[in-house]
Amino acid sequence: MPESTSPVAVATEKYIRIVEFTNSKIIDEMNIAEIGQKLLEIIDERAQPKLLLDFTNVDHLSSAALGMLINANSRIKAKNGQLRLTNIRPQIFEVFVITKLNKLFYIYPTRPEALASFT
């Protein structure tokens, strides 16, 4: 089996770290742990992190992945940072609504709208 690529691609735009998930399914425990670790590293880079998570490529998200997102959000809030989510497909957004996580996260339809929302 070939070595897997990184589960995230990271870029920076105006002090905002943009994390794009590279896998269509974020359901495997090892993958989720790796993503969670990478997010924590990015969050800990700055005193007040600004992080945008782009779900363009994501078709499936497990409950463990939701837990990882909640943990990342808590860490960012503890540092007075900001987190935004964007490009969430309707079937995944429905899970956010059912779990009421759409009230916890700032979710935007497009990357430009999400980037413009940072203060």
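Reader: Hi! Phenylalanine 96 and phenylalanine 105: buried or exposed?
Author: Both phenylalanine 96 and phenylalanine 105 are buried. Keep in mind that this is a predicted model.

Reader: Thanks! How many aromatic pairs turn up in the whole structure?
Author: A search of the whole structure gives two. In one of them, the ring centres of phenylalanine 21 and phenylalanine 55 are 4.8 Å apart and the planes sit at 50°, so this pair counts as tilted.

Reader: And which parts does that pair tie together?
Author: Phenylalanine 21 belongs to strand 2 (residues 16-21), while phenylalanine 55 is in the loop between strand 4 (50-54) and strand 5 (60-61), so the pair links parts 34 residues apart in sequence. Phenylalanine 21 is buried, at 1% relative accessible area, and phenylalanine 55 is buried with a value of 1%.

Reader: Nice. Back to phenylalanine 96 and phenylalanine 105: why is that pair edge-to-face?
Author: Their planes meet at 75°, and over 60 counts as edge-to-face. The ring centres are 5.9 Å apart.

Reader: Switching topic, which rings does arginine 84 lie over?
Author: Arginine 84 lies over the face of tyrosine 106, 4.6 Å from the ring centre. Arginine 84 also lies over the face of phenylalanine 118, at 4.9 Å from that ring's centre.

Reader: What about the helices, at what angle do helix 1 and helix 2 cross?
Author: The axes of helix 1 (residues 29-43) and helix 2 (residues 63-78) cross at roughly 10° and come within 10 Å. The two helices are therefore roughly parallel to each other.

Reader: Which residues meet there?
Author: Helix 1 contributes residues including Ile32, Leu39 and Ile43, and helix 2 has Ala64, Met68 and Arg75 among them. The contact residues divide into ten nonpolar, one polar and one charged.

Conventions:
Residues are numbered from 1 along each chain as its sequence is written. This is a predicted model: local features need pLDDT of at least 70, side-chain atom pairs count only at pLDDT 80 or more; totals for chains, interfaces and linings use all residues. Side-chain values use heavy atoms; hydrogens and water are left out. Rings of Phe, Tyr and Trp (its six-membered ring) pair if their centres lie within 6.5 Å; planes under 30 degrees apart count as stacked, over 60 as edge-to-face and the rest as tilted. Helices (H or I, at least four residues) and strands (E, at least two) are DSSP runs, numbered from the N terminus. Buried means under 20% relative accessible area, exposed over 50%, partly exposed in between (1.4 Å probe, protein chains only). A charge sits over a ring if NZ of Lys or CZ of Arg is within 6 Å of the ring centre and within 35 degrees of the ring normal. Axes are lines fitted to C-alpha atoms, for helices over the stretch in contact, and angles run from 0 to 180 degrees between N-to-C directions. Angles under 35 degrees count as roughly parallel, over 145 as roughly antiparallel, 65 to 115 as roughly perpendicular and the rest as oblique. Contact means heavy atoms within 4.5 Å. Ala, Val, Leu, Ile, Met, Phe, Trp, Tyr, Cys and Pro count as nonpolar, Asp, Glu, Lys and Arg as charged, and the others, Gly among them, as polar.
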